[in-house]
4 protein chains.
Amino acid sequence: MSFREVFELHPHPTTVDHEVLLRCIGECLDCAASCTSCADACLSEHDSQELVAAIRLALDCADTCDAAGRVVTRQSAPDLRLMRAVVAACATACVACAEECERHLHHPHCRVCAEVCRRCRKACDEVLAAIG
Amino acid sequence: MSFREVFELHPHPTTVDHEVLLRCIGECLDCAASCTSCADACLSEHDSQELVAAIRLALDCADTCDAAGRVVTRQSAPDLRLMRAVVAACATACVACAEECERHLHHPHCRVCAEVCRRCRKACDEVLAAIG
Amino acid sequence: MSFREVFELHPHPTTVDHEVLLRCIGECLDCAASCTSCADACLSEHDSQELVAAIRLALDCADTCDAAGRVVTRQSAPDLRLMRAVVAACATACVACAEECERHLHHPHCRVCAEVCRRCRKACDEVLAAIG
Amino acid sequence: MSFREVFELHPHPTTVDHEVLLRCIGECLDCAASCTSCADACLSEHDSQELVAAIRLALDCADTCDAAGRVVTRQSAPDLRLMRAVVAACATACVACAEECERHLHHPHCRVCAEVCRRCRKACDEVLAAIG
């Protein structure tokens with residue numbers, strides 16, 4: 001995806017490991033879209049009334065991933081406290097959504113969504129480790 | 001604003017203090033819009049090159065307030081870990097943006113933006129106190 | 001709300017009528033939050049399976065209002081084609097959501113949500129008239 | 001990316017061509033992230049005061065792509081008027097941002113950003129052709 005290339009062309013690149021940041025941005029994009037799609041799929045399931053928590057947490061997770069992905073994308077004049085707090089919130093949202101989706105593994109979209117949430121959480125944790 | 005009324009009509013209302021939640025949602029909406037507007041005003045200032053951090057942090061703060069406002073708005077099947085992490089991230093973003101805006105008080109939009117960030121941070125802290 | 005004050009302090013204010021723009025921004029904020037809240041309330045209703053379209057359109061409308069509100073808030077170097085297209089999309093989303101919510105007036109949150117969508121649509125139409 | 005897989009697992013899949021929709025969603029994600037990154041890179045350039053329009057339009061384009069990507073992702077109970085208006089707004093935002101970025105080709109991030117905007121516009125046009 002082209003955002004990686006744009007990111008690498010910043011005039012004052014961040015000193016934080018680029019691969020760690022780019023993996024996090026990519027996972028946040030995929031997780032936000034996957035959660036939006038899983039919430040929508042759950043909504044149309046015949047047992048949607050059993051999926052209220054899954055839908056709600058997927059919506060929360062999509063919104064949090066969007067915010068985190070944008071914050072991590074910006075390299076100008078970073079504030080590490082802010083980045084840490086937003087990425088930590090994203091990791092927490094991903095865990096909450098993954099745990100709930102894992103309770104509905106009979107729905108394959110919940111299984112895939114849980115996997116992408118777990119990967120995104122891992123990518124967030126790597127950013128947290130990299131920025132200290 | 002009507003969102004307060006919609007919030008109060010939820011079939012299974014949250015047990016968390018509604019006034020605390022509604023104040024936080026309102027401040028998140030105002031802070032997100034004020035930060036979007038302040039970033040845009042900074043961009044057009046003759047000394048915009050001194051305002052790179054203010055612009056960047058206002059963009060981060062707007063994105064974080066949007067996510068927090070949405071998460072706090074939802075009452076179905078809440079996950080308090082998730083809500084806590086997102087509201088804490090919002091409080092942190094508001095402080096970072098306020099501190100930077102306060103370095104540019106010769107720009108009245110930065111002064112007003114800092115004030116709304118401080119109010120939003122306070123409203124977030126009240127949510128954190130209410131959800132324990 | 002403070003965003004009005006920040007908006008008025010822009011160093012190069014737009015020539016488009018400020019009251020028309022500010023009303024649109026305010027309605028977009030309220031409509032986005034009301035739709036987020038109505039979708040969440042619908043999700044918890046006992047007849048949520050009758051409300052799939054209402055939930056889906058409220059989510060779409062919230063996302064579209066958020067984008068339109070941000071675009072209308074920015075005054076630096078505007079592109080009127082872009083603003084027109086985004087505000088028109090917002091008006092269309094508001095009508096679609098209002099019409100669906102009006103099919104569920106036994107849920108008071110749908111009634112209030114339809115009203116705020118109608119108001120937001122009107123505010124968008126006024127922007128479209130003002131920018132020609 | 002996993003969102004493609006989640007999309008394909010929807011219980012009531014849309015009749016609109018999936019490849020056309022998935023390409024649009026993918027381009028919207030990439031364009032939103034690329035525009036966020038390009039706006040941030042422009043902000044740090046020594047000639048940022050020549051880049052006010054590029055920054056502003058990239059922010060608008062990111063917000064519009066995010067909204068369009070979410071609307072196109074949802075398959076439950078679609079409203080084609082709404083989808084058409086939002087995707088058309090996205091196409092318009094992409095053109096406006098591409099045209100402005102193309103005025104700054106000495107900045108490689110503007111060149112790449114213009115390319116992704118052109119691709120996203122094309123993907124949006126294909127959705128518009130597919131939904132009629």
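Helices are DSSP runs of H or I with at least four residues, numbered from the N terminus, and axes are lines fitted to C-alpha atoms, for helices over the stretch in contact, with angles running from 0 to 180 degrees between N-to-C directions. This is a predicted model, in which local features need pLDDT of at least 70 and side-chain atom pairs count only at pLDDT 80 or more, while totals for chains, interfaces and linings use all residues. Residues are numbered from 1 along each chain as its sequence is written, and chains are lettered from A in the order in which they are written.

**View 1. Helices H2 (residues 18-44) and H3 (residues 52-73) of chain B pack at an angle of about 155°, with axes 8 Å apart.** The two helices H2(B) and H3(B) are therefore roughly antiparallel, a term for angles over 145 degrees.

**View 2. The contact of H2(B) with H3(B), meaning heavy atoms within 4.5 Å, has 19 nonpolar, 3 polar and 1 charged residues.** Nonpolar here means Ala, Val, Leu, Ile, Met, Phe, Trp, Tyr, Cys and Pro, charged means Asp, Glu, Lys and Arg, and the others, Gly among them, count as polar.

**View 3. The largest cavity has a volume of about 280 Å³.** A cavity is a set of points on a 1 Å grid over the protein atoms alone where a 1.4 Å probe fits but cannot get out, and lining residues have an atom within 4 Å of a point. The lining of the largest cavity comprises 16 residues, with A:Asp66, B:Asp66, B:Arg70, C:Asp66 and D:Asp66 nearest its centre, and by class it has 4 nonpolar, no polar and 12 charged residues.

Terms used:
Side-chain values use heavy atoms; hydrogens and water are left out. Angles under 35 degrees count as roughly parallel, over 145 as roughly antiparallel, 65 to 115 as roughly perpendicular and the rest as oblique. On a 1 Å grid over the protein atoms alone, a cavity is a set of points where a 1.4 Å probe fits but cannot get out, and a pocket is an open set with protein on both sides within 12 Å along at least five of seven lines; lining residues have an atom within 4 Å of a point. Grid points are joined across faces, edges and corners, and a volume is the space filled by probe spheres set on the points.
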